Structures are given as structure tokens and as C-alpha cells.
Amino acid sequence: MARTRDRLHYFLGRLGRVGALGALLVVGSFAYYAGVVGPRAAALDAQLQRNAEAAQAAEMARAQTAAAADAGQREQPTLAPAAAAALRRLFDAAEAAGLDLPQGDYRLTEIQDAHLRRYQLSLPVSGGYPQVRAFVTEALNADPALALAAILLRRDRIEDAELEAMLNFMLYLEAGA
């Protein structure tokens with residue numbers, strides 16, 4: 001033991017103060033890596049693995065939900081003739097304005113006190129402002145039971161001619177219609 005200590009003292013003496021400080025920093029960095037960085041790297045790897053498993057589980061749940069929603073859509077009854085006619089007029093107005101309605105969200109609400117059926121229609125469209133305005137005007141003029149509840153216009157840049165719009169309509173029909 002004394003011999004090792006003497007050797008260490010001899011080499012540190014040859015290195016000088018600056019060299020001894022450098023050797024101390026090298027040994028300290030190895031100790032820091034072994035005590036702090038190594039365990040944290042292992043913890044990070046474990047967390048990344050848990051994140052990957054959670055993402056995979058979320059994707060599976062999303063797929064199951066989509067499959068259940070598809071099954072639920074197949075089980076839904078068909079639209080009433082008056083609602084189908086109103087939707088046909090809405091799609092015709094979009095076509096006349098030069099817009100495409102690729103998707104939409106339709107919800108039926110029964111209003112018991114008024115004996116009405118209220119369809120909430122959320123339609124995302126994209127096109128120029130004149131096209132969107134012409135579509136809304138034509139749709140409201142074509143169907144007196146249709147009301148515009150909200151309109152959200154969004155443009156990525158001010159100079160863009162195209163905009164994205166979310167149109168929320170309400171369609172009021174009699175309960176028997």
C-alpha cells in the first residue's frame with residue numbers, strides 16, 4: 001500500500017500542479033459518469049421504451065375506436081326524407097359555389113318541448129372567400145329550415161387566396177319529418 005502511495009506521489013510530483021489538477025478532473029469525470037450519467041442514461045432508455053409501448057397501446061385503442069365507430073355508423077338508421085333532401089340541397093349549393101364537401105359531422109338532437117329535430121352540421125371546406133360566401137348564401141336561401149350557427153375562417157398567410165373554413169349549420173325539422 002505504501003509503495004502504491006509513493007508511486008502516486010512520484011507521478012503527481014512529475015505532473016506538477018496543473019497536471020495533477022488535470023488528472024483529478026479526469027478521475028472526477030469518470031466518477032461522475034459512473035455515478036450520474038450512466039444511471040440516467042439507463043433511466044432514459046427505460047422511459048423511451050415505456051413511451052413506445054404507450055404509443056403502441058394508444059394506436060391500438062384508436063384503431064379499436066375507429067372500428068367501433070364504423071360499426072356504429074353502419075347500425076345507424078337512415079336519414080329522414082326531409083333531412084336527406086335538405087342535405088342534398090346543401091351539397092348542391094356547395095357544388096354550385098365550386099366547393100367540395102369531403103367530410104362532415106352530423107348530429108341529431110331531439111327537442112321534446114318544441115317537437116323538433118335539430119341536426120347539427122359541421123362542414124370543413126376550403127376555397128376562396130367568394131366561394132365560401134356564395135356557398136353560405138346559396139345554402140341559406142335554398143332551405144328556410146337551415147341556420148348558420150358559426151363560421152370560422154382561417155388563412156395560413158394574409159396573402160393566400162385560399163382559406164379554410166369550418167361552417168356550423170343547424171337544420172330544424174318537424175319531429176315526424
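Author: Helices here are DSSP runs of H or I with at least four residues, strands are runs of E with at least two, and both are numbered from the N terminus. The model is predicted, so local features need pLDDT of at least 70 and side-chain atom pairs count only at pLDDT 80 or more, while totals for chains, interfaces and linings use all residues. Residues are numbered from 1 along each chain as its sequence is written, and side-chain values use heavy atoms, with hydrogens and water left out.

Reader: What is a salt bridge, and how many are there by this rule?

Author: Side chains of opposite charge can pair when their charged atoms come close. The rule asks for a side-chain nitrogen of Lys or Arg within 4 Å of a carboxyl oxygen of Asp or Glu. The count by this rule is seven salt bridges.

Reader: How are E59 and R62 separated in helix α1?

Author: Helix α1 covers residues 2–75, and E59 and R62 lie three residues apart in it, so about one helical turn separates them. They form a salt bridge, with the closest N and O atoms 2.7 Å apart.

Reader: Which of these terms applies to a residue: buried, exposed or partly exposed?

Author: Buried means under 20% relative accessible area, exposed means over 50%, and partly exposed lies in between, using a 1.4 Å probe and protein chains only. E59, at 44%, counts as partly exposed, whereas R62, at 51%, counts as exposed.

Reader: Which parts of the chain does the pair R89 and D143 link?

Author: The side chains of R89 and D143 meet in a salt bridge at 3.0 Å, N to O. This pair links distant parts of the chain, 54 residues apart: R89 is in helix α2 (residues 81–97), and D143 is in the loop between α3 (129–142) and β3 (146–154). R89 is partly exposed at 33%, but D143 is buried at 5%.

Reader: How far apart are the closest N and O atoms of D105 and R107?

Author: D105 and R107 form a salt bridge with those atoms 3.1 Å apart. D105 is partly exposed at 30% relative accessibility, and R107 is partly exposed at 48%.
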